[in-house]
Structures are given as C-alpha cells and as structure tokens.
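Here is a short report on a ligand site and some aromatic rings. Keep the structure in view while reading.

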Amino acid sequence: MNDMSMNTKTQVWIEICRLEDIPPQGARVIRATLGCVALFRTASDKVFALEDRCPHKGGPLSQGIVHENGVTCPLHNWVIDLETGVAKAPDEGRARTFPVQVRDGRVLIDRALLA
Amino acid sequence: MSQTTPKKLVVIGNGMAPGRVLDHLFEKAPGAYQVTIFNAEPRVNYDRIMLSPVLSGEKAYEDIIIHDDAWYETHGVTLHKGKKILEIDRADRKVVADDGTVAEYDKLLIATGSSPFVIPVPGKDLAGVVTYRDLDDVDAMLAAAKSGGHAVVIGGGLLGLEAAYGLKRQGMDVTVLHLMPTLMERQLDPSAGYLLEKALADRDIRIITRANTKEITGRDGKVAGVVLEDGTKLPADIVVMAVGIRPSAQLADDAGLEVGRGILVDDHLRTSDPDILAVGECVEHRGQCYGLVAPLYDMAKVIAANLAGDEAQEYTGSVTATKLKVTGIDLYSAGDFAEADDREEIVLRDAAGGVYKRLVLKDNKIIGAVLYGDTADGAWFFDMLKKGTDISDLRDTLIFGQAYAGGSPLDPTAAVAALPDDAEICGCNGVCKGTIVQAITEKGLTGVDGVRAHTKASGSCGTCTGLVEQLLKVTLGDAFQPDAVQPMCGCTDLGHDDVRRLIVAQELKSIPAVVQELNWKTSCGCAKCRPALNYYLLATWPGEYVDDKQSRFINERVHANIQKDGTYSVVPRMWGGITTPDELRAIADVADKFKIPTVKVTGGQRIDLLGVKKEDLPAVWADLNAAGMVSGHAYGKSLRTVKTCVGTDWCRFGTQDSTGLGIKLERFMWGSWTPHKVKLGVSGCPRNCAEATCKDIGVVCVDSGYEIHFAGAAGMHVKGTELLCTVATEAEVLEYIGALTQLYREQGRYLERIYKWADRVGLDVAREQVVENADRRKELNARFVYSQKFMQNDPWAERAQGKDAEEFTSFRLAHLGKVA
Ligand SMILES: Cc1cc2nc3c(=O)[nH]c(=O)nc-3n(C[C@H](O)[C@H](O)[C@H](O)COP(=O)(O)OP(=O)(O)OC[C@H]3O[C@@H](n4cnc5c(N)ncnc54)[C@H](O)[C@@H]3O)c2cc1C
Ligand code: SF4
Ligand code: SF4
Ligand code: FES
C-alpha cells in the first residue's frame, strides 16, 4: 500500500551533498529525525542509502569497509548488500534502504522518507 | 677396525648434476667415499634454473641454495670454492687446480657443465657484455639494471627470454634480438611463437626477429649500442648474449679422453678411462647432448648406483620437455614437431582465450606437443609421448586433454587419478606419480611442503605444484589440508606469501595494481584482503606507498576503538607506563568536558577513556595533545604497549633499569604497523612482575644483561615465550628487537600474531637471522629504522588539525533542504 501511494505522490528530492563529499569506497552519515542514514559510495561511484544499523546487533554500517556493492559491519563482520540491505548468507536480516539518486554530481534523497 | 678405508672421489664442477649424484650416493653408500669437489664458481651448490626468478626479483640467492655449507660439513666433503681445475693427470691419478691445489683420486667425476656461446662480433669483449650462466652474470645484470637504461638481449630462446623478462622487471627498457623468424624456434612452431611474441610485447618487451647482429659499439671501453646488419642501431647499457651453449669438454680433451661434441660416455656414464666418469651437460651420450636438468638427474641416479657398486643400472637417454619460467606465460613443449610427410597434426586454437595447442602424430603416436596458454595436460601428453601410447581410440577428443578423453568431462583430480604410476609429474627433478603417492602414504605427508622435502617434486621451477596438490587430494581425500596454498580470501587463489612475494617482484605499489596484475577475481577486493594488502604495501614500500584509509578497519581509520554501541574509546600513550600528575589532570579534564562515562586502567598499564562520541574525537585528541600526550595505537595492528615493572629505580630486587628500557623501546618502536598487534614487557629481574614472558616480545633483566624472549601470548591462547638470546647492553636489546620485529613485519601474514608466525616458520628462523647472522640482523634493523622515519607521526595530532575532517562530521537534515 505504501508503494502505491508513493507512486502517486510527487517525490521531493533534496540535495544532501556533492558526490565528492563521500569518499570513494566510503560513507557519510545523515542524522535524520527517524535515526541515522548511511550514504555509501562504491568504487564505481554508485551511491546507496541505508539505515545506519546492522540487522545483527545494531552496528554502525557507515563505519564498515565498503567493497563491490557491499559493506562489512565493523562490529562482527556481517556483510550487507548495499542494493537490497540484505545480509549475506548464512547470516539473516535486512537493513532498510532508501531511494537515492545522483544528478549532475549531486546526491539527492527523497525528503518524505527522512522527515 | 674392520671397515675398509673410503675411496677417494674427486669431482670437477659443483653444478646441479654432481649435487644430485652425491645426494643419491650418500643415501645408498654412506661413508664409502671421501669426497673432494673443485668448483670454479666461488660458492656452494645452487639451483641454476632458479637464476631467472632471482634476476626478476621473485627469489633471493639464499632461496635457491641446494646444499649449504653445513651440508658439506655433515658429509665430510671438502669443497674448494673458486678453484678451477686446469689439468687431469691420469698417469698419477690426480687433478691440479689453478692455485696449485692437487688432489688424488681413485674415481674422478667430471661435471663441468657447459659454456655459453659468444658470437664473434666486434665489440664482444666490451665491459657490459655478459652471458647468462651463473650467479655472477645475474649480479652483473642486476648491477646494470640499478641505473635503468637499455638492455639488449641477443637470443630469443628460453634463456634469452627469461633474461629479458627479468631485466624488464628490474626496470630496464628491453629489446630481444632473435636471428630466426620465430622465438624459441627449437621448441615452438610459428603460431605459438606468435602468441609468445604478443605476450612479451604486452609486457613492454620489444622483440626484433630476423635480427642479425653486426657489431656491438662501445664508448670508453664500455658497451653503448648494438648495430644490426640492416643498419638498425639500438642503444644499450648492457648486452646479454644468450645464443646457446656448448659442452665444456676441453679439460677432458686435454687429458686424452674421447670427446665428440661433449665428453663421450657409455650407458654407465664412463668415459674412455673407466676410472673417470662424467655427468651433466658436459657429456655426449648416444650422440645426444642435453641442456636441461631432467636428463642429468636421470644420469645422476645411474652414476650413484654404479659408484655404490650396483652395476646393473644403465642410462639409456632421455626425452625432454621445456617450460618457460616467465610469470603469467604458460608454455610447454616436448618432443619433435617439425613438419614431414608421414606426420599428422591436431591443432586447437582459441584466439580470444589466447590458447593454442598442437599435437604432432606419427603412426597414431604422439611425437611432439606444443601447448600455449593452457598447459594443464602437458604431463599427460608427455607421458603418452614417452611411452609411445597408441592414441587411435582417443583421437577425436585427444586435443581437449585428459578431462575429455573419457568422452565426458571429469574433474581435474580425476585426470591426475587416471595417470599411470610412472607418469612424470615433476620434469625438473624427474619424479613420477608413484614415487609421490608412495611418499605421501608412507611418510604421512599432508602438504606440498612435505612432498617437496621428501621427493623434491615441485622443488625447482615449481610449475608442477598444481599437479602435486591434486595428487595429495587424490591420495588423501578429505584429509588433504592445502596448508601451503590457503588463498588469502575469495578474491584470489594466491596465498599470503605469494602475494607478498609478487608485490616485491613486480613492484606493485597500490591496491588497484595488485588487484589488476595478480588477476583478482573481484573488481576491487574485499574486507578481508584489502586491509592485508594495505599492510603489505605499507611494509614493503615505506615512505612511498600512500596508505589507503578506506581499506582499514574503522579502528585504524579513526585511531580509536569502536565499542558495542558505536561510540569509541581512546588510549593516550604513556611511555613505559609512566605518567605525571599533569597528564592525569588533563585526562580527568577531558573526561569531564566530554562527559566520558568510563575511565579504566587497561591490562597494558594505560588509561582508557570509553564512550566517546565519534564527532567529539578530534576535540578530545586536541586536548590530550595539548597536555603532551599522543595516540597509544591501542586500536591498531601495530605496536601497542611496553609494560614495565619499577626495576632498579625503586625495587629492592631490580637488576637493571627496566622502566627506562621500556620507555626507550616504546619510543623506538611506536607507530610501526605490524601484521597483528604487538605488545612488549620489560621486567627488572626474573620475578617478572611485568609478565614479560607471555608477551609478543619480552625482556627479562638479569645480572649479566638482558634476556630477550619472544612468541608468547596471553589472549585466547596462553603461551609462554621462547628465549631468543641473552645480550649485554641496552643498545643490543634495541637492535635485536628492531631486527626481530622487522623479520616478523616481512614474513608474518596479516592477522598472524608473532607466536603463530614463529610456529609456522620455526623458532630457528628467528634465531638464525637475528642472533647468529649479525649482518642479517643489522640489515633487518636498518630496514626497521628506515621505515620508522615515516611512521612516527601522531595520527591524533594530524586529525585534530583537520585531516580527514569529513570522517567525523555528519549531515544534519535540518540544515539541508535545497529542493531539487
Ligand atoms: C638461467 C638458466 C635457466 C635455466 N632454466 C632451466 C629450466 O627451466 N629447466 C631446465 O631443465 N634446465 C634449465 N637450465 C639448464 C640447467 O641449469 C642445466 O642443465 C644444469 O644446471 C646443468 O648442470 P651441470 O651440473 O651439468 O652443470 P652446471 O650446473 O653448469 O655446473 C658446472 C659447474 O662446473 C664448474 N666448472 C666448470 N669447469 C670447471 C673446472 N675446470 N674446474 C672446476 N669447476 C669447473 C662451473 O663453474 C659450474 O659451477 C637453465 C640454465 C640457466 C643458466
Ligand atoms: S620484576 Fe623484579 S625488579 Fe621488577 S618489580 Fe618485580 S621483583 Fe622488582
Ligand atoms: S575480552 Fe576483550 S573482546 Fe572480550 S569482552 Fe573483554 S574487551 Fe571485549
Ligand atoms: S552488529 Fe553488525 S555484524 Fe554484529
């Protein structure tokens, strides 16, 4: 139901930072009302936004090592897929993901999801 | 005494062939001979075929020694290094060396090898024109390569190409001149030669075929260039002649022995004088002279048996196969593949994959094989070639190799399992499958190292290591633990040691370079290999490599320990565990100011401030820096703490100033990155209040000086240290510990503690290199000291001043809001 309403509502994209503000293979954190969101940038300059909480014991994913399209949690080395938020088997769990886009070198997220 | 006195065996030449003869002889008939060896080269017996890896930097001379000085001593062998025999006096049964040394013999073994051929062009005697035969040649090439410049290699055969590759690796600009249209034309057909030429061109080695050298030009007696018949001029700072070899038979000829191209021998390897035997490249047997080791090793077995009194064994000749030892180029050739009317061939080409295979058949038997790009089936083809197996039934699928020969693809171990017992696995050492399997079962071997030690298989050029592993797998099933080949992580098949070796050899200086050149399976590595690579690069290229902070675990990236709730803890350095009221006040102030919830004393005598918010870290460090404190590296794979007792300053038992020494050690070693954490302890007397004997490195002061201990642990495993040695002065303590740490830095695998490293390589390695060999110790320590020049910067100060500022700040949504 959420998905449906989202499609009908116009999304409001807000600029968070420039692409170069996030180190390649690194992350920056957005403090939002609902909690922290981690913005990841991969080696190939793809950007992903995930809830900054590991599904295992809440580790700050933004502090992990970014490799390919995944991040290794700094607390107990779970590997989380940046695209889907899903933990790599045999671990089970999922971190929330948020829509994000890069336009003209600017990183944009949907304000509705953070407000 | 009832024993007969040993007979006198004199050996001329100390190359690979006689080395192997003696190995067999001492095993079969220990004590039967009193052996004396003369070697024109001033050194012990080493693996000549490994000179190419030494030249390219993939091995060191020490790695290729076959018999070290201790071996000669153990077997009572007199070795005259650097003495060349000038005369064989058959009448008096003695030999005379160039310095006048004389030795009498009952049996004489000539093993003078061969001499490189030098083409008689003008300029051949200029300084800088070298051949490629022994370690001196390699040293000359390495010396020339130091200053860069141009190298011209004359000869595009096996040796020439290996020399070219080595010189290229050493940073020279390399051109190979080859007279024939095809490289290695004696082993390759034009197609394989073309692929090889392309692969070398990809490595930036210039190849000129049909190149006829006219003259070598010089300046001030030194080589300056090469001129070809067609007028082409090439600049050259060094010219390597690798155009062929000829058996060294002059000495035998002068002594009146029968000589053809080489010294003529019969099937017992006897020359025309029955008391004089000959072995190796210097002989001619049934019209053949050989230039590879496998035949000499076959000869060695027979000679040793004969010398031991077993006359039944005979040498009947060898068929040889060739492999090129250039990293990344797979090339195998065996037998005869000249075209003729009575021959057929089967060819497989995969242009995109860079694979080319060709089998030459005669009367339904394989008589020649050339494999390029995929050489896995070399042993299988070679086996059928040697045995003259009729391949009619296999013909349709033969070229696809053994895996397909049964009709359906089998797994690679099945292919090895199907090999007959007498199939040769290691060509260099002539070891067949049966011997290896027997050694594995009888000696209970579980890894490649063991097989290497007991059978010598895969011990020389190493290209058969994969086959040996498969044999272990086949023989042991699940019990096989591929210890020696545990890959670093899922991104590569290479183990830690290989990766480190290749980083040095190929001068790889960044993570992307490693990932690219060593064929990583992922685009840029993973969380397991990247921190390891970052460390290896940092340790290998001090002052040059730029640290990759994204490849560091968070603790090292932000120089603080991450805790379970995502906050951090910081530990200021307290040199040797000493602090002052001012420092304590500053710590207390920081704790108040930043509302740090916990202040704890650690097991290593330092103070830990726990629960600091990440964004507060730079300010906390600034305050601690202001009070004169720097980071304690309590978070790193690096030197952590040096724990001390109070020693002579206060203690009634103290024999030395343990606190002072602890401080000196910590000041000397702080900041150094290591494969894993390193903790030290210094105790003032054997009561050992600093618990120095369960540390990575410990010092226990005694009346006469300092006991240095190492390889202890008090983590998940508790382990007492081992004694390294006792020294007399503090200066020695620093030098020995610097050297030991550097050895660990260079050999330890990432995340391997000192005790595990010592366990793996053996405690003696540390003792030999750090204690017994003073030169080596000084070298190691010098490298440690050099790398410390770049390491002793306080990471806190840098960050308090703004380095990596973005790491510590986040975006607050309230401040954002520009609508796109
Ligand atoms: C760079 C290089 C790479 C090679 N790669 C391979 C390979 O990959 N595979 C392979 O199978 N083979 C290879 N070979 C060939 C292999 O090394 C030789 O076949 C083998 O070493 C020959 O052994 P030998 O004992 O007959 O002679 P050598 O090992 O040449 O030993 C001869 C020794 O005799 C000494 N000597 C000579 N005359 C006298 C004298 N009058 N008095 C005292 N001492 C004397 C010489 O100084 C020398 O040390 C390579 C050779 C070289 C040079
Ligand atoms: S180790 Fe010896 S010198 Fe040090 S405090 Fe203990 S008793 Fe004293
Ligand atoms: S022993 Fe070390 S790792 Fe374990 S809980 Fe204590 S501090 Fe943490
Ligand atoms: S909290 Fe992320 S792996 Fe445990």
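B:Y744 is buried, with a relative accessible area of 0%. B:W757 also counts as buried, at 0% relative accessibility. Keep in mind that this model is predicted.

**Aromatic rings**

Over all chains, the count comes to twelve aromatic pairs. Two of them, both in chain B, are set out below.

| Pair | Centre to centre | Angle between planes | Class |
|---|---|---|---|
| B:W380 and B:F381 | 5.4 Å | 45 degrees | tilted |
| B:Y744 and B:W757 | 5.6 Å | 50 degrees | tilted |

Why is the pair of B:W380 and B:F381 called tilted? Planes under 30 degrees apart count as stacked and those over 60 as edge-to-face, with the rest tilted. The planes of B:W380 and B:F381 stand at 45 degrees, so this pair is tilted. Both B:W380 and B:F381 are buried.

Now return to B:Y744 and B:W757. These two rings form a tilted pair. B:Y744 belongs to helix α23 (residues 730-747) of chain B, and B:W757 to helix α24 (residues 754-761) of chain B, so the pair ties together parts that are 13 residues apart in sequence.

Aromatic residues can also group together. B:F26, B:W71 and B:Y72 make up one aromatic cluster.

Charges meet rings too. The charged end of B:K509 sits over the ring of B:W541, at 4.4 Å from its centre. B:K614 lies over the face of B:F808, 6.0 Å from the ring centre.

**Around ligand 1**

How many residues surround ligand 1? There are 31, and the closest are B:E41, B:R133, B:E281, B:V293 and B:K325. By type, the shell divides into 15 nonpolar, eight polar and eight charged residues.

Some contacts are polar. A polar side-chain atom of B:R133 is 2.5 Å from an oxygen atom of ligand 1. The backbone takes part as well. A polar backbone atom of B:A17 lies 2.9 Å from an oxygen atom of the ligand. For B:A40, a backbone N or O atom is 3.0 Å from a nitrogen atom of ligand 1.

How much of the ligand does the protein bury? Taken alone, ligand 1 exposes 1000 Å², and the protein buries 92% of that.

Which elements give two or more residues to the shell? In chain B they are α1 (16-28), β2 (33-39), α5 (158-169) and α8 (293-307). The largest share comes from α1(B), with three residues.

Notes:
Residues numbered from 1 in each chain as written. Chains lettered and ligands numbered in written order. Predicted model: local features only at pLDDT ≥ 70, side-chain atom pairs only at ≥ 80, totals over all residues. Heavy atoms only, no water. Near = heavy atom within 4 Å. Polar contact = N/O pair within 3.5 Å; in protein donor to acceptor, adjacent residues only side chain to side chain. Areas by Shrake-Rupley, 256 points an atom, 1.4 Å probe, with all protein chains shown as cover. Helix = DSSP H or I, 4+ residues; strand = E, 2+ residues; numbered from the N terminus. Nonpolar A, V, L, I, M, F, W, Y, C, P; charged D, E, K, R; others polar. Phe/Tyr/Trp six-rings, centres within 6.5 Å; stacked < 30°, edge-to-face > 60°. Buried < 20%, exposed > 50% of the residue type's maximum accessible area, 1.4 Å probe, protein only. Lys NZ or Arg CZ within 6 Å of the ring centre and 35° of its normal.
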